Amino acid sequence: MLLAIDCGNTNTVFSIWDGEKFLCTLRTSTHHARTADAYFTWFSTLIKHYGIETDITDVIISSTVPRVVFNLRVFADRFFNCRPLVVGRPECALPTEPRVDEGTIVGPDRLVNTAGAFERHGGDLIVVDFGTATTFDVVSADGAYIGGVIAPGVNLSLEALHNAAAALPHVDIAKPQSVIGTNTVACIQSGIFWGYVGLVREICDRIKAERERPMKIIATGGLAPLFQQSVELFDSFEDDLTMHGLTVIHNYNKEIAA
Ligand SMILES: Nc1ncnc2c1ncn2[C@@H]1O[C@H](COP(=O)(O)OP(=O)(O)O)[C@@H](O)[C@H]1O
Ligand SMILES: CC(C)(COP(=O)(O)O)[C@@H](O)C(=O)NCCC(=O)O
Ligand SMILES: [K+]
């Protein structure tokens with residue numbers, strides 16, 4: 001069984017696979033100080049709760065927070081007696097190598113999204129991931145990550161307004177009734193919601209123009225459905241894209257090792 005771990009700046013998600021069969025997803029917040037023992041206590045409590053029989057033999061990790069990798073490695077080693085594959089490390093091969101400036105370290109989540117999206121859709125893609133940051137990953141015709149765009153995340157932008165302006169409350173994102181807000185909350189929601197619609201549209205249009213070809217836009221991350229339901233921005237929404245990408249990279253490494 002495979003344990004795939006996607007550690008973002010906000011949330012860490014574990015998913016368990018029995019071959020191609022998906023078993024379950026477990027989610028916790030990301031804390032670099034969480035120990036291997038603490039991961040196991042949390043993991044085994046939930047597994048027991050769901051009544052799942054697990055026999056983990058392989059672990060793959062993608063982490064945008066470098067400091068958590070040490071404890072996750074110890075977790076894999078101590079409790080499953082296995083050496084995890086860590087995306088971005090030289091020993092973890094990618095189906096197609098990224099084409100970026102020399103010395104650039106691409107976020108592993110972006111490499112994983114690229115692999116997952118290419119396996120499902122083929123090439124010429126823009127993957128938009130609404131995480132802590134909102135990232136755009138450009139995937140070439142042959143499945144390589146060839147660069148992209150990083151913008152502040154939706155919740156990060158809302159938080160920044162609240163932190164910097166004494167009179168602005170914490171606001172949860174929602175589609176506002178109208179563009180012109182008639183109260184503070186509605187004004188903020190309008191600024192962020194329509195601002196993001198514009199940001200996504202403009203960036204995708206410019207990427208397509210720069211690449212001089214049609215491209216499919218694939219969205220992932222918790223907040224993608226909000227935008228997808230309200231305005232047609234994406235060709236597809238897939239909340240499991242990063243997890244799927246992890247299984248693709250894991251299978252690829254198994255194949256080349258065989
Ligand atoms: N369904 C949702 N509704 C509202 N906010 C969400 C939802 N899912 C995730 N979020 C928020 O979106 C942000 C990004 O979450 P996530 O995709 O887990 O980020 P990361 O991968 O960077 O850890 C976080 O602030 C999280 O709290
Ligand atoms: C851009 C990111 C912060 C997004 O990760 P997230 O915040 O969604 O966890 C992450 O991919 C990252 O740290 N990237 C390194 C720089 C790069 O990808 O070019
Ligand atoms: K992410």
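This is a predicted model: local features need pLDDT of at least 70, side-chain atom pairs count only at pLDDT 80 or more; totals for chains, interfaces and linings use all residues.
Which residue places a polar backbone atom 2.8 Å from an oxygen atom of ligand 1?

1. Thr10 is the residue in question: a polar atom of the Thr10 backbone lies 2.8 Å from an oxygen atom of ligand 1. Asn11 also contributes through the backbone, with an N or O atom 2.7 Å from an oxygen atom of the ligand. Thr132, by contrast, makes an approach through the side chain, a polar atom of which is 2.5 Å from an oxygen atom of ligand 1. Taken alone, the ligand exposes 560 Å², and 61% of that is buried by the protein.

2. The surroundings of ligand 1 comprise Gly8, Asn9, Thr10, Asn11, Phe130, Gly131, Thr132, Asn155, Gly222 and Leu223. By class, eight residues of this shell are polar and two are nonpolar, while no charged residue is present.

3. The protein chain is divided into two domains, with domain 1 covering residues 2–86 and domain 2 covering residues 113–244. Their centres, taken over C-alpha atoms, are 27 Å apart.

4. The shell around ligand 1 includes Phe130 and Leu223.

Conventions. Residues are numbered from 1 along each chain as its sequence is written. Chains are lettered from A and ligands numbered from 1 in the order in which they are written. Side-chain values use heavy atoms; hydrogens and water are left out. Domain bounds come from an automatic or database domain assignment. A residue is near a molecule or strand if one of its heavy atoms lies within 4 Å of it. A polar contact is a pair of N or O atoms within 3.5 Å; within protein, one must be able to donate a hydrogen and the other to accept it, and residues adjacent in sequence count only if both atoms are side-chain atoms. Accessible areas come from the Shrake-Rupley method with a 1.4 Å probe; for residues, only the protein chains shown count as cover. Ala, Val, Leu, Ile, Met, Phe, Trp, Tyr, Cys and Pro count as nonpolar, Asp, Glu, Lys and Arg as charged, and the others, Gly among them, as polar.
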